[in-house]
Amino acid sequence: MAGDAFRVGSLIDVKVTKAKEILAPSYRFNPDVDEAAMRAGAMISYGVRPRD
């Protein structure tokens, strides 16, 4: 696609064998706020919008 313009020096292949949920501190500090409200606030804070 890019030809020799962007050469790849090395490649790392990762296989996920186990994963755990990551809980942001806001889930613990604001237990009365639901996930949809937290997502909406994050979208505003970071100036992004959900993918279609």
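The protein chain carries 8 positive and 7 negative side chains, and the centres of these two sets sit 7 Å apart. Here Lys and Arg count as positive and Asp and Glu as negative, while His and the chain ends are not counted. Each charge is placed at NZ of Lys, CZ of Arg, CG of Asp or CD of Glu. You are looking at a predicted model, in which local features need pLDDT of at least 70 and side-chain atom pairs count only at pLDDT 80 or more, whereas totals for chains, interfaces and linings use all residues. Residues are numbered from 1 along each chain as its sequence is written, and side-chain values use heavy atoms, with hydrogens and water left out.

**Overall shape and surface**

- The radius of gyration of the protein chain is 19 Å, while a compact globule of 52 residues would have one near 10 Å; the radius is taken over C-alpha atoms, and the globule rule is 2.2 Å times the number of residues to the power 0.38.
- The C-alpha trace spans about 55 × 30 × 20 Å along its principal axes.
- Of the 52 residues, 2% are buried (buried means under 20% relative accessible area, exposed over 50%, and partly exposed in between, with a 1.4 Å probe and protein chains only).

**Helices**

- The protein chain has two helices and zero strands (helices are DSSP runs of H or I with at least four residues, strands are runs of E with at least two, and both are numbered from the N terminus).
- Helix α1 covers residues 25–29 and includes S26, which is partly exposed at 30% relative accessibility.
- Helix α2 has twelve residues and reaches 16 Å from its first C-alpha to its last, close to the 16 Å expected at 1.5 Å a residue; the expected span is 1.5 Å times one less than the number of residues.

**The salt bridge**

- The whole structure holds one salt bridge, meaning a side-chain nitrogen of Lys or Arg within 4 Å of a carboxyl oxygen of Asp or Glu.
- Its partners are E35 and R39, whose closest N and O atoms are 3.0 Å apart.
- Both residues lie in helix α2 (residues 35–46), four residues apart, or about one turn of the helix.
- E35 is partly exposed at 41% relative accessible area, whereas R39 is exposed at 54%.

**After helix α2**

- Just after α2, G47 has a positive phi of about 65 degrees.
- P50 is in the segment after α2 and is exposed, at 53% relative accessibility.
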